[in-house]
Amino acid sequence: MVKVTLELLRRRSEHNDGLVTSLEELALHQLGITDLGQLPVWCPRLRILLLQGNLLSHLGKIGRLKELVYLNLALNNLELLPSSLWQCESLNKLDLTANFIRDLHHTVGVLQNLPCLTELYLMGNPVSSYEGYRSYVVASLPGLLELDGITILRHERIKALQEREVSDAAVARGYKTESRSRAQQKAAHENLREAAAQMSDHSEDDEEFSVRWSQEASDHCPETRLSMHEELERRRRRQAEKDGPPVKKEVRLYAKDGRALNVNEAKINFKFTDDEEHNNYKLEVHTYKHLDPSLLQCEVQPLLVRVVVCGKTLQLVLPGEVRCLEATAQRSSTTGHLLVVMPKA
């Protein structure tokens, strides 16, 4: 169970100098997320939100994202759209590909309240297999310009409006059939869960049972997708235990003969300048604007300069000797960049 945390958002907002509240684009795909937590509260100005390939079955306070233009929820565990989605009044493109949405009447009822929605993807959901599915959606959402990647033409909309009653009845029949199938899926999966619990009491690492589980739990449903994710996580943990803790690569600052080496362990951008007019060297390190000063260290030696950012080292060998006692280091109040000025000897 993965919940979106503030720490995760800060890591994903490095392109925005770690600022979460002003973030406009956020990618959180394929992280096994099951709960959005306070994401809509922490990031109220989001315009693009990519959440594909997770395990979301609900969307929490998604309605708080008033400026959201594009929302990608493909390959999640959604069975029902939250009614609060209509509050995302700027939403223009919505991707719900390969979820488990069965109630098309409810889905369309929610989407009808999105005034800016022009592009919708529902392929791969049970509703897309209903007879009359496309005709019903086209007739119900007059502002929609594209459905499942196919442009809605004027003559198609006119025909859909004329056949509205027929498609409505067909969709109702499809939902009734799919509801019965879903009830059977839930019952079958619950029986398999009980069998798994009994088996795990006797043989926790039984690989043969894991194989049988993956074969029997073959129904395409939210529970299966979640079980597959849990099984993969168990295997990763077992493999990690066998392999032991990862060996950290040693960063060498000096060669065997004692020569200093150029190192950028921090993988941070910088600019080095030879200022002949003022007879000094300048190093501008592009540190993050809101980086805590305690996480930044600077050291100037006669022939090298070393900056440590969050415990990772940037070391440069200087072209000539400098007067290290007269060197200065100062951070910009606007960009947060660190400027090291080193007078030449």
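Tutor: Let's begin with a pair of strands: strand 13 and strand 14 (residues 304-309) pair in the antiparallel sense over six bridges. This is a predicted model, where local features need pLDDT of at least 70, side-chain atom pairs count only at pLDDT 80 or more, and totals for chains, interfaces and linings use all residues. Residues are numbered from 1 along each chain as its sequence is written, and side-chain values use heavy atoms, with hydrogens and water left out.

Student: What makes strand 13 and strand 14 a pair?

Tutor: Two strands pair if DSSP finds at least two bridges between them. Strand 13 and strand 14 have six bridges, so they meet that definition. Among the partners, Leu296 is bridged to Val309, and Val300 stands opposite Val305. A hairpin of two residues joins strand 13 to strand 14. The strands themselves are DSSP runs (E, at least two residues), just as helices are runs of H or I with at least four, and both are numbered from the N terminus.

Student: Which strand pairs with strand 14 over six bridges besides running antiparallel to it?

Tutor: That is strand 15 (residues 312-317). There, Thr313 is the bridge partner of Val308. The hairpin of strand 14 and strand 15 has two residues between the strands, and Cys310 takes a positive phi near 50° in it.

Student: Why is strand 14 called largely enclosed?

Tutor: Buried means under 20% relative accessible area, exposed means over 50%, and partly exposed is in between (1.4 Å probe, protein chains only). Six of the six residues of strand 14 are buried, so the strand is largely enclosed by the rest of the structure. Both faces are covered: Leu304, Arg306 and Val308 are buried on one side, and Val305, Val307 and Val309 on the other.

Student: Why is Cys310 called partly exposed?

Tutor: Its relative accessible area is 46%, so Cys310 falls in the partly exposed range. Cys116, with 35%, is partly exposed as well.

Student: What makes a group of residues a nonpolar core?

Tutor: A nonpolar core is a set of buried Ala, Val, Leu, Ile, Met, Phe, Trp, Tyr and Cys residues joined through side-chain atoms within 4.5 Å. The largest one has 50 residues, of which Leu49, Leu71, Leu94 and Leu120 touch the most other members. Helix 4 gives the most to this core, with five residues. Apart from it lies another core, of 17 residues, among them Ile268, Tyr281, Val300 and Leu314.

Student: How do you know that helix 4 is mostly covered?

Tutor: Seven of its eight residues are buried, including Tyr133, Tyr136 and Val138.
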